[in-house]
Amino acid sequence: MSYQETLSYLFGLQKIGIKFGLSNITHLLELLGNPHIALKTVHIAGTNGKGSTSVTVASIIQEAGYRVGLYTSPHLINFNERIKINDAEIDDERVVQLTEKLRSKIQDSRFSEELSKITFFEFTTAMALLYFAEEGVDIAVMETGMGGRLDATNVIKPLVSVITNVSIEHREFLGDTLEAIAYEKGGIIKDKIPIVTGVEQPSALQVIENICKEKEAPLYILGTDFSFHKKGTDIFSYKGIKESFNDLRLNLSGSHQFYNTSLALAAIELVRDKGLIVSRDAIYSALQKVSWPGRLETVSKDPWIILDGAHNPAGAEVLARAIANDLKFDKLFLIMGIMADKEIAAIISPLAPLAHEVILSRPRYERASSAEGLLPVAMKYNSNSVAFEDLREAIGYARSKARNSDLIVISGSLFTVGEARAIILN
């Protein structure tokens, strides 16, 4: 197969949809010789911030001189973004090679009938684990796709696990309450493996604590066992489990990144206890370099354009606080494209009142709501709202209206952000 044919096959697996359970991934990895068993890993789950936390952990360990695999989702522009080693995306040829290897293993196996219904995420998770094993990474940082307990990544036995936070999301899969969602995310907790969390809600935290007691897993809680203090827009101090750092400078934008970075630093402290050598200099240096595209990312300065993939109510609240507290501008032009199956009003409501004008649009993705469908919702929160079905046209309109002192924010979905990023950066 060519690379494009391979992508067509992989994305074709999405029609199977989302299917929780570990039997498919377990059987597929068995056919591949269980490459994950010998891998050292860090496992990261959470409603929001798990991508930023994952890339920060990976960046620090890489800066310390190790070869680090990183598995995240979704991608913004290219499939290959999901699987990286030391910031380098897996190359096209290797994607083809690994896909063909996995397909042939499935077709020739006693599990062929069962694995004929393998999902996109299960397949790509197995691909990532095999790739990291074949490449001999020192450690792999694995971000969950959804939930945790029945997520395909939950076949690993990590050195450390992280649950960033818990908010209501994916009700049809994870449940309607914070406690139910905490239980699903708490499913990544393993026997006697330390866990780091920033979960704040007492009821959700109690669920995490109960699982930790049952599994005899040491639990470290942000605000109790470690903490941070903001000292400037990009400077903070960290009081850790065993060690503290002053005047850490962070390359990622937004006050919420102090929170995510503190979770990453606690995970690094615990990874050091497992034998990895990570110097203080490596930590200071890595935080000044770490990059996570599509999350409060500036992609243009004339006019000022920021991309942020806030795609659920909690993410929209975080973005709204960042706009209100961390960014200085005259007028805000807000471009939003949102998936039709999301809580649209709860995503729009924190952001629309901040804008001089709301511009609704639609990425070229089948699950996306039409711009006209979003317009009545936006009008409830900001009467100065317009709709353009074509995202390129929406960006052009915003650019024509914004002055140098104004700000354009593009958000609502990582699919919207990914397409906008490709348009703006060519």
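A polar contact here is a pair of N or O atoms within 3.5 Å; within protein, one must be able to donate a hydrogen and the other to accept it, and residues adjacent in sequence count only if both atoms are side-chain atoms. The model is predicted, so local features need pLDDT of at least 70 and side-chain atom pairs pLDDT 80 or more, while totals for chains, interfaces and linings use all residues. Residues are numbered from 1 along each chain as its sequence is written, and side-chain values use heavy atoms, leaving out hydrogens and water.

**View A. The polar contacts of N312.** Look for N312 in the loop between β13 (304-307) and α12 (313-326); helices (H or I, at least four residues) and strands (E, at least two) are DSSP runs, numbered from the N terminus. A polar atom of the N312 side chain lies 2.7 Å from the backbone nitrogen of G315. The N312 side chain also makes a polar contact with the side chain of N48, at 3.1 Å. N312 counts as buried because its relative accessibility is 4% (buried means under 20% relative accessible area, exposed over 50%, partly exposed in between; 1.4 Å probe, protein chains only).

**View B. The open sheet β9-β10-β11.** Three strands pair antiparallel in this order, where pairing takes at least two DSSP bridges between two strands. β9 (227-230) and β11 are the edge strands, each pairing on one side only. From one strand to the next, the twist averages 20°. Four bridges join β10 to β11, and I235 stands opposite R249 in β11.

**View C. Helix α11 and its buried side.** In α11 (residues 280-287), the buried residues are A282, I283, A286 and L287. They sit on the same side of α11 because they cover an arc of only 120° around the axis, taken from the directions from the helix axis to the C-beta atoms. These buried residues pack against α3 (50-63), β10 (235-239), β11 (244-249) and α10 (256-273), with contact meaning heavy atoms within 4.5 Å. α11 lies across β10 and β11, at about 30° to β11; axes are lines fitted to C-alpha atoms, for helices over the stretch in contact, and angles run from 0 to 180 degrees between N-to-C directions.

View D. Most residues other than glycine have a negative phi, and most peptide bonds are trans. S73 and P74 are joined by a cis peptide bond, with omega about -5°. The bond from D302 to P303 is also cis, with omega near 0°. Phi is positive at N86, near 50°, and at D87, near 75°.
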